[in-house]
Amino acid sequence: MPRTRTPVVAGWFAGDGDDFRLLGTRCSTCASVFFPREDAHCRNPGCSGGDLEEFPLSRRGRVWSYTDSQYRPPSPYVTDPELPWEPYALIAVELESERLVVLGQAVPGVTVADLTVGMEVEAVPGVLHEDAETIWTTWHWRPTGVAA
Amino acid sequence: MTDEVAVLGVGMHPWGKWGRGFVEYGVAAARAALADAGLEWRDIGSIVGADTVRGGYPGYVAGATFAKALGWQGARVTSVYAACASGAQAVNTARAQILAGLADVVLVVGADAAPKGFFRPAGGDRPDDPDWLRFRVLGATNPAYFGLYARRRMAVHGDTPQDFAQVKVKNAALGALNPYARYRKPVTAEEVAASAVVADPLRLLDICATSDGGAALVLAGMEFARRHGVTDPVRIRAVSTVTPRYPNTVLDLPDIATDSAAAVPPEGTFRESIARAAYEEAGIGPEDLSFAEVYDLSTALELQWYEDLGLCGQGDAAKLLREGSTALGGRIPVNTSGGLASFGEAVPAQAIAQVCELTWQLRGGAGDRQVAGARAGIAANQGLFGHGSAVVAVR
């Protein structure tokens with residue numbers, strides 16, 4: 001039976017290939033952008049409150065900072081304890097027009113040695129982990145100089 | 001300016017990995033603080049407990065838990081939680097009760113029994129909890145955030161791993177002089193560099209451990225202190241418990257993203273505002289400080305605090321460190337207690353422990369780690385989810 005592809009969090013991203021986007025929301029009154037999405041109330045204290053509309057974030061941004069996880073993170077991060085731990089890089093990315101920083105894992109194979117602050121990266125679809133029934137999908141940051 | 005409250009007594013249970021319950025550490029610290037104050041538990045009109053999320057239900061109602069263990073005597077009770085800032089919330093609650101005339105003398109207690117390894121979120125699937133989400137979606141541990149801040153400093157300010165190691169060397173040397181510290185051995189820069197990378201660029205010895213420990217204070221009104229025969233007590237002059245201001249543009253634990261600054265321009269950072277509120281309330285500035293205790297969850301974060309407290313200009317922290325200004329004997333010694341580098345974090349006890357160090361220093365009772373002529377100190381901290389925490393004490 002084919003496994004289903006399920007986003008690790010519903011409503012945070014959508015699309016395939018070049019159409020992939022992180023999904024935030026934007027206040028119709030003050031134009032504040034929120035990621036993770038706010039769907040109930042605008043958090044700008046100077047705003048009287050408007051409708052929050054889904055808002056695809058810029059696909060590309062610049063590395064604000066980066067690090068990695070040399071040790072296995074605890075649950076609820078899902079790993080197979082039978083397999084040796086493979087560190088992955090985490091990248092905090094500044095989106096210019098939204099003026100916010102979003103954290104994400106780097107695409108597999110990109111290590112901290114490949115990264116510099118200020119480098120351009122883009123959001124791409126990725127797989128967080130897989131189990132018998134489900135492929136859990138997420139977003140990854142990929143340096144734009146790296147081929148898919 | 002807000003009225004002051006007196007610190008009549010301070011007490012701690014040594015930090016470590018003792019394998020016992022948090023109540024035992026808290027009660028030991030409370031008894032030590034009461035003895036230091038020359039008061040009996042039955043003299044105390046109010047007890048404020050800083051909660052722990054790691055002790056089951058007794059941890060969520062720590063004030064009553066400690067009161068029961070000390071022996072029910074009918075005191076007013078309060079339990080507060082604000083993550084790492086819980087201790088400052090407890091101090092502030094006690095102060096407010098004293099200044100409002102609700103209590104003459106208040107016992108403040110915080111204690112924790114920490115797990116081995118990384119802190120992790122509470123159990124269950126909670127996709128609306130940012131602390132759960134950052135582990136589930138990213139595996140972003142606390143050290144991962146510390147690594148991000150450290151790398152950012154290297155890129156923006158030119159800090160080096162050697163600078164970070166020097167913070168550990170400084171704090172370990174001071175911790176070696178503190179009988180309540182968990183790690184009491186000097187550490188060399190070579191030992192830091194030889195320790196394993198945990199979250200690039202930070203190594204094991206750049207990152208604070210998680211510890212068991214307990215700390216307590218006896219706070220009182222100035223009039224009570226005089227009646228008790230204490231004419232020149234250490235006084236708490238300010239407690240800052242501010243929230244951030246929107247937009248919060250520095251990626252904060254445990255968030256996955258910052259606020260957007262597109263619609264509203266930011267006014268400084270959250271950590272800067274924590275100190276500013278404390279200075280304004282105290283009517284002093286960073287130039288008036290004799291020393292500071294800061295929350296060095298990592299070595300790099302200690303450097304960030306130098307700038308956020310105004311001990312130096314933005315980007316100048318590594319210079320301040322390199323010239324020895326923040327070492328004992330320097331212009332503004334930082335973390336004379338040994339800091340979290342020497343203690344490890346016992347979350348609800350830590351901000352209270354910082355005030356213990358302020359008190360010992362201001363009394364001139366800090367022994368070999370004494371700052372000569374200490375008159376004013378600040379303890380600064382930041383709790384997850386937007387809890388500012390800073391205490392200014394003077395004598």
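Student: How many residues does the contact take from chain B and how many from chain A?

Tutor: This is a predicted model. The side of chain B that touches chain A divides into 23 nonpolar, five polar and six charged residues. The contact takes 34 residues from chain B, and from chain A it takes 40 residues.

Student: Which elements of chain B give two or more residues to the side that touches chain A?

Tutor: Two helices and a strand of chain B qualify. The helices are H5 (130-138) and H6 (142-157). The strand is E5 (197-199).

Student: Against which strands of chain A do the buried residues of H5(B) pack?

Tutor: The buried residues of H5(B) include B:Leu133, B:Phe135, B:Val137 and B:Leu138, and also B:Arg134 and B:Arg136. After H5(B) comes B:Gly139, with a positive phi near 65 degrees. The strands of chain A that the buried residues pack against are E7 (89-95), E8 (100-106) and E10 (134-143).

Student: Are H6(B) and H11(B) parallel or oblique to each other?

Tutor: H11 of chain B covers residues 299-308, and its axis lies 8 Å from that of H6(B). The two helices pack at an angle of about 60 degrees. Angles from 65 to 115 degrees count as roughly perpendicular and those under 35 as roughly parallel. H6(B) and H11(B) are therefore oblique.

Student: Is the crossing of H6(B) and H11(B) left-handed or right-handed, and which residues of H11(B) make the contact?

Tutor: The crossing of H6(B) and H11(B) is left-handed. On H6(B), the contact is made by B:Phe146, B:Tyr149, B:Ala150 and B:Arg153. By class, the residues of this contact are six nonpolar, one polar and one charged. From H11(B) come B:Ala300, B:Leu301, B:Leu303 and B:Gln304.

Student: How is H7(B) placed relative to H11(B), parallel or perpendicular?

Tutor: H7 of chain B spans residues 161-175, and its axis comes within 8 Å of that of H11(B), crossing at roughly 90 degrees. H7(B) is therefore roughly perpendicular to H11(B).

Student: Which residues of H11(B) make the contact with H7(B)?

Tutor: H7(B) contributes B:Asp163, B:Phe164, B:Ala165, B:Val167 and B:Lys168. The contact of H7(B) with H11(B) has five nonpolar, one polar and three charged residues. The residues of H11(B) are B:Thr299, B:Ala300, B:Glu302 and B:Leu303.

Student: How many helices and strands does chain A have?

Tutor: Chain A has 148 residues, of which 38% count as buried. Among its contacts between residues at least 6 apart in sequence, 51% join residues at least 24 apart. The secondary structure of chain A comes to zero helices and ten strands.

Student: Why does A:Arg99 count as partly exposed rather than buried?

Tutor: A:Arg99 is in the loop between E7 and E8 of chain A, and its phi is positive, near 50 degrees. A residue counts as buried if 20 or more other C-beta atoms lie within 10 Å of its own. Because A:Arg99 has 19 other C-beta atoms within 10 Å, A:Arg99 is partly exposed.

Conventions. Residues are numbered from 1 along each chain as its sequence is written. Chains are lettered from A and ligands numbered from 1 in the order in which they are written. This is a predicted model: local features need pLDDT of at least 70, side-chain atom pairs count only at pLDDT 80 or more; totals for chains, interfaces and linings use all residues. Two residues are in contact if their C-beta atoms, placed from the backbone, lie within 7 Å. Helices (H or I, at least four residues) and strands (E, at least two) are DSSP runs, numbered from the N terminus. Ala, Val, Leu, Ile, Met, Phe, Trp, Tyr, Cys and Pro count as nonpolar, Asp, Glu, Lys and Arg as charged, and the others, Gly among them, as polar. A residue is buried if 20 or more other C-beta atoms lie within 10 Å of its own, exposed if 12 or fewer, and partly exposed in between; C-beta atoms are placed from the backbone. Axes are lines fitted to C-alpha atoms, for helices over the stretch in contact, and angles run from 0 to 180 degrees between N-to-C directions. Angles under 35 degrees count as roughly parallel, over 145 as roughly antiparallel, 65 to 115 as roughly perpendicular and the rest as oblique. A crossing is left-handed if the near helix is turned anticlockwise from the far one by less than a right angle, and right-handed if clockwise.
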